[in-house]
Amino acid sequence: MDVKALIHDNLEKLKKLGIDAMVQEEKIALWGLNMPQEILESMESEQFLGMILSMVGARTETGPAELYSFDVEVMDVSDMYTRFLESISGLSHGELVITDIEEVFSTEVFEAGKGIQPVKFLCNGTAYQYEAKVEYDWFDTGILTFMEKVIEEQNTESHLFVTSDGYQECIVFYRTKEWAQQFYDLFHVELECP
(Lines give C-alpha, C1' and ligand atoms only; values in the text may rest on other atoms or scores of the structure.)
Protein backbone atom coordinates (compact mmCIF):
# COMPACT_ATOMS: atom_id res chain seq x y z
CA MET A 1 0.00 0.00 0.00
CA ASP A 2 1.44 3.37 -1.06
CA VAL A 3 0.15 5.45 1.86
CA LYS A 4 1.49 8.79 0.62
CA ALA A 5 -0.10 8.32 -2.82
CA LEU A 6 -3.42 7.28 -1.27
CA ILE A 7 -3.45 10.33 1.01
CA HIS A 8 -2.55 12.61 -1.90
CA ASP A 9 -5.34 11.12 -4.03
CA ASN A 10 -7.92 11.64 -1.26
CA LEU A 11 -6.79 15.23 -0.69
CA GLU A 12 -6.99 15.94 -4.44
CA LYS A 13 -10.58 14.66 -4.48
CA LEU A 14 -11.44 16.83 -1.47
CA LYS A 15 -9.97 19.82 -3.31
CA LYS A 16 -12.36 19.16 -6.21
CA LEU A 17 -15.16 19.43 -3.63
CA GLY A 18 -13.92 22.80 -2.37
CA ILE A 19 -11.98 21.51 0.64
CA ASP A 20 -8.34 22.42 0.13
CA ALA A 21 -6.36 20.62 2.80
CA MET A 22 -3.18 20.16 0.79
CA VAL A 23 -1.25 22.21 3.37
CA GLN A 24 -1.90 19.36 5.81
CA GLU A 25 -0.65 16.66 3.44
CA GLU A 26 2.73 16.29 5.16
CA LYS A 27 1.17 15.99 8.63
CA ILE A 28 -1.38 13.44 7.40
CA ALA A 29 1.30 11.48 5.54
CA LEU A 30 3.39 11.35 8.73
CA TRP A 31 0.38 9.88 10.54
CA GLY A 32 -0.07 7.29 7.80
CA LEU A 33 3.57 6.33 7.69
CA ASN A 34 3.64 5.85 11.47
CA MET A 35 0.58 3.60 11.42
CA PRO A 36 1.39 -0.13 11.66
CA GLN A 37 1.20 -1.71 8.20
CA GLU A 38 -1.20 -4.46 9.31
CA ILE A 39 -3.68 -1.85 10.60
CA LEU A 40 -3.45 0.15 7.37
CA GLU A 41 -4.02 -2.95 5.29
CA SER A 42 -7.03 -3.96 7.38
CA MET A 43 -8.71 -0.55 6.93
CA GLU A 44 -11.46 -0.23 4.40
CA SER A 45 -11.20 2.80 2.09
CA GLU A 46 -14.08 4.45 3.99
CA GLN A 47 -12.19 4.16 7.29
CA PHE A 48 -9.00 5.50 5.71
CA LEU A 49 -10.93 8.48 4.31
CA GLY A 50 -12.59 8.96 7.70
CA MET A 51 -9.21 9.17 9.40
CA ILE A 52 -8.06 11.79 6.88
CA LEU A 53 -11.28 13.78 7.31
CA SER A 54 -10.97 13.66 11.09
CA MET A 55 -7.48 15.17 10.84
CA VAL A 56 -8.57 17.81 8.31
CA GLY A 57 -11.65 18.74 10.35
CA ALA A 58 -10.03 18.95 13.77
CA ARG A 59 -11.09 22.29 15.22
CA THR A 60 -8.33 24.88 15.15
CA GLU A 61 -8.48 28.65 15.13
CA THR A 62 -6.81 28.77 11.71
CA GLY A 63 -8.12 25.54 10.21
CA PRO A 64 -10.48 25.35 7.25
CA ALA A 65 -14.14 25.93 8.09
CA GLU A 66 -15.31 23.37 5.53
CA LEU A 67 -15.82 20.42 7.84
CA TYR A 68 -15.74 19.79 11.56
CA SER A 69 -14.69 16.60 13.29
CA PHE A 70 -14.75 15.69 16.95
CA ASP A 71 -14.56 12.66 19.22
CA VAL A 72 -18.01 11.85 20.64
CA GLU A 73 -16.33 10.86 23.89
CA VAL A 74 -15.51 14.36 25.08
CA MET A 75 -12.60 15.50 27.23
CA ASP A 76 -14.21 18.74 28.49
CA VAL A 77 -17.95 18.21 28.92
CA SER A 78 -18.59 21.70 30.31
CA ASP A 79 -18.69 23.38 26.87
CA MET A 80 -18.97 20.56 24.33
CA TYR A 81 -22.21 21.88 22.81
CA THR A 82 -20.87 25.44 22.67
CA ARG A 83 -17.88 24.22 20.62
CA PHE A 84 -20.23 22.20 18.40
CA LEU A 85 -22.63 25.09 17.76
CA GLU A 86 -19.80 27.57 17.13
CA SER A 87 -18.36 25.13 14.60
CA ILE A 88 -21.70 24.71 12.82
CA SER A 89 -22.01 28.50 12.66
CA GLY A 90 -18.52 28.67 11.14
CA LEU A 91 -19.29 25.94 8.59
CA SER A 92 -22.29 27.92 7.36
CA HIS A 93 -20.20 30.95 6.33
CA GLY A 94 -22.81 33.39 7.66
CA GLU A 95 -26.02 31.53 6.79
CA LEU A 96 -26.47 30.36 10.39
CA VAL A 97 -25.47 32.99 12.91
CA ILE A 98 -25.50 31.15 16.23
CA THR A 99 -25.14 33.37 19.29
CA ASP A 100 -26.00 33.57 23.01
CA ILE A 101 -25.10 29.91 23.59
CA GLU A 102 -25.78 28.78 27.13
CA GLU A 103 -25.15 25.29 28.45
CA VAL A 104 -26.90 24.72 31.76
CA PHE A 105 -24.11 22.65 33.28
CA SER A 106 -24.94 20.76 36.48
CA THR A 107 -22.07 19.18 38.41
CA GLU A 108 -24.54 16.87 40.15
CA VAL A 109 -25.94 15.56 36.85
CA PHE A 110 -22.47 14.94 35.43
CA GLU A 111 -21.25 13.25 38.59
CA ALA A 112 -24.30 10.95 38.42
CA GLY A 113 -23.57 10.36 34.72
CA LYS A 114 -27.27 10.59 33.78
CA GLY A 115 -29.81 13.35 33.31
CA ILE A 116 -30.60 16.30 31.08
CA GLN A 117 -28.46 19.29 30.14
CA PRO A 118 -30.41 22.14 28.53
CA VAL A 119 -28.57 23.90 25.69
CA LYS A 120 -29.99 27.31 24.74
CA PHE A 121 -28.96 29.48 21.80
CA LEU A 122 -30.13 31.90 19.13
CA CYS A 123 -29.91 31.01 15.45
CA ASN A 124 -30.40 34.00 13.16
CA GLY A 125 -32.19 35.70 16.08
CA THR A 126 -34.63 32.84 16.82
CA ALA A 127 -34.38 31.19 20.25
CA TYR A 128 -33.90 27.41 20.47
CA GLN A 129 -33.38 24.96 23.28
CA TYR A 130 -32.17 21.38 23.10
CA GLU A 131 -32.46 18.97 26.02
CA ALA A 132 -29.19 17.06 25.75
CA LYS A 133 -29.16 13.62 27.33
CA VAL A 134 -26.22 13.21 29.70
CA GLU A 135 -24.42 9.89 29.42
CA TYR A 136 -21.22 10.51 31.38
CA ASP A 137 -18.68 12.07 28.96
CA TRP A 138 -20.49 11.19 25.72
CA PHE A 139 -21.78 13.81 23.29
CA ASP A 140 -25.53 13.50 22.63
CA THR A 141 -25.61 13.03 18.84
CA GLY A 142 -29.35 13.72 18.90
CA ILE A 143 -28.42 17.40 18.63
CA LEU A 144 -27.41 16.70 15.00
CA THR A 145 -31.03 15.85 14.14
CA PHE A 146 -32.22 18.84 16.18
CA MET A 147 -29.86 21.16 14.28
CA GLU A 148 -31.02 19.80 10.92
CA LYS A 149 -34.58 20.80 11.93
CA VAL A 150 -33.30 24.26 12.89
CA ILE A 151 -31.59 24.54 9.49
CA GLU A 152 -34.80 23.52 7.71
CA GLU A 153 -36.69 26.23 9.64
CA GLN A 154 -34.03 28.75 8.56
CA ASN A 155 -34.78 27.74 4.96
CA THR A 156 -31.22 27.52 3.68
CA GLU A 157 -30.31 25.38 0.71
CA SER A 158 -27.71 23.49 2.73
CA HIS A 159 -28.02 20.70 5.27
CA LEU A 160 -25.94 18.93 7.84
CA PHE A 161 -24.26 15.80 6.53
CA VAL A 162 -22.30 13.45 8.75
CA THR A 163 -19.99 10.50 8.49
CA SER A 164 -17.53 8.75 10.78
CA ASP A 165 -13.99 7.45 10.80
CA GLY A 166 -15.38 4.04 11.75
CA TYR A 167 -14.50 4.61 15.38
CA GLN A 168 -15.61 7.48 17.64
CA GLU A 169 -15.04 10.47 15.39
CA CYS A 170 -18.06 12.40 14.12
CA ILE A 171 -17.36 14.32 10.90
CA VAL A 172 -19.81 17.09 10.01
CA PHE A 173 -20.35 19.03 6.77
CA TYR A 174 -22.79 21.86 6.02
CA ARG A 175 -23.45 21.50 2.30
CA THR A 176 -26.11 21.12 -0.39
CA LYS A 177 -27.62 17.80 -1.43
CA GLU A 178 -25.91 18.19 -4.79
CA TRP A 179 -22.53 18.51 -3.05
CA ALA A 180 -23.23 15.37 -1.00
CA GLN A 181 -23.94 13.53 -4.26
CA GLN A 182 -20.63 14.76 -5.71
CA PHE A 183 -18.91 13.50 -2.55
CA TYR A 184 -20.51 10.09 -3.11
CA ASP A 185 -19.50 10.07 -6.78
CA LEU A 186 -15.85 10.70 -5.87
CA PHE A 187 -15.49 8.56 -2.74
CA HIS A 188 -18.38 6.05 -2.92
CA VAL A 189 -19.24 7.04 0.66
CA GLU A 190 -22.80 8.08 1.40
CA LEU A 191 -23.07 10.97 3.84
CA GLU A 192 -26.03 10.84 6.21
CA CYS A 193 -28.40 13.76 6.69
CA PRO A 194 -29.53 13.48 10.33
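Modeller: Let us go through some terms together, starting with where the values come from. This is a predicted model, where local features need pLDDT of at least 70, side-chain atom pairs count only at pLDDT 80 or more, and totals for chains, interfaces and linings use all residues. Residues are numbered from 1 along each chain as its sequence is written, and side-chain values use heavy atoms, leaving out hydrogens and water.

Colleague: Why are α1 and α2 called oblique to each other?

Modeller: The axes of α1 (residues 3–16) and α2 (residues 25–34) cross at roughly 140° and come within 9 Å. Axes are lines fitted to C-alpha atoms, for helices over the stretch in contact, and angles run from 0 to 180 degrees between N-to-C directions. Under 35 degrees counts as roughly parallel, over 145 as roughly antiparallel, 65 to 115 as roughly perpendicular, and the rest as oblique. The pair α1 and α2 is therefore oblique.

Colleague: How do you know which residues of α1 and α2 meet?

Modeller: Contact means heavy atoms within 4.5 Å. V3, K4, I7, H8 and L11 in α1 meet E25, I28, A29, G32 and L33 in α2. By class, this contact has six nonpolar, two polar and two charged residues. Here Ala, Val, Leu, Ile, Met, Phe, Trp, Tyr, Cys and Pro count as nonpolar, Asp, Glu, Lys and Arg as charged, and the others, Gly among them, as polar.

Colleague: What makes β1 and β5 edge strands?

Modeller: The open sheet has three strands in the order β1-β6-β5, with antiparallel pairing. Both β1 (68–71) and β5 (159–164) pair on one side only. Strands are DSSP runs of E with at least two residues, while helices are runs of H or I with at least four, numbered from the N terminus.

Colleague: How do you know that β1 and β6 pair?

Modeller: Two strands pair if DSSP finds at least two bridges between them. Four bridges join β1 to β6 (residues 169–175), and these strands run antiparallel. In this pairing, D71 stands opposite E169. Helix α5 (residues 80–91) packs on the sheet, touching β1, β5 and β6.

Colleague: What makes β3 and β4 a pair?

Modeller: The same test applies: β3 and β4 (residues 126–135) have ten bridges, in the antiparallel sense. The hairpin of β3 and β4 has two residues between the strands, and N124 takes a positive phi near 50°.
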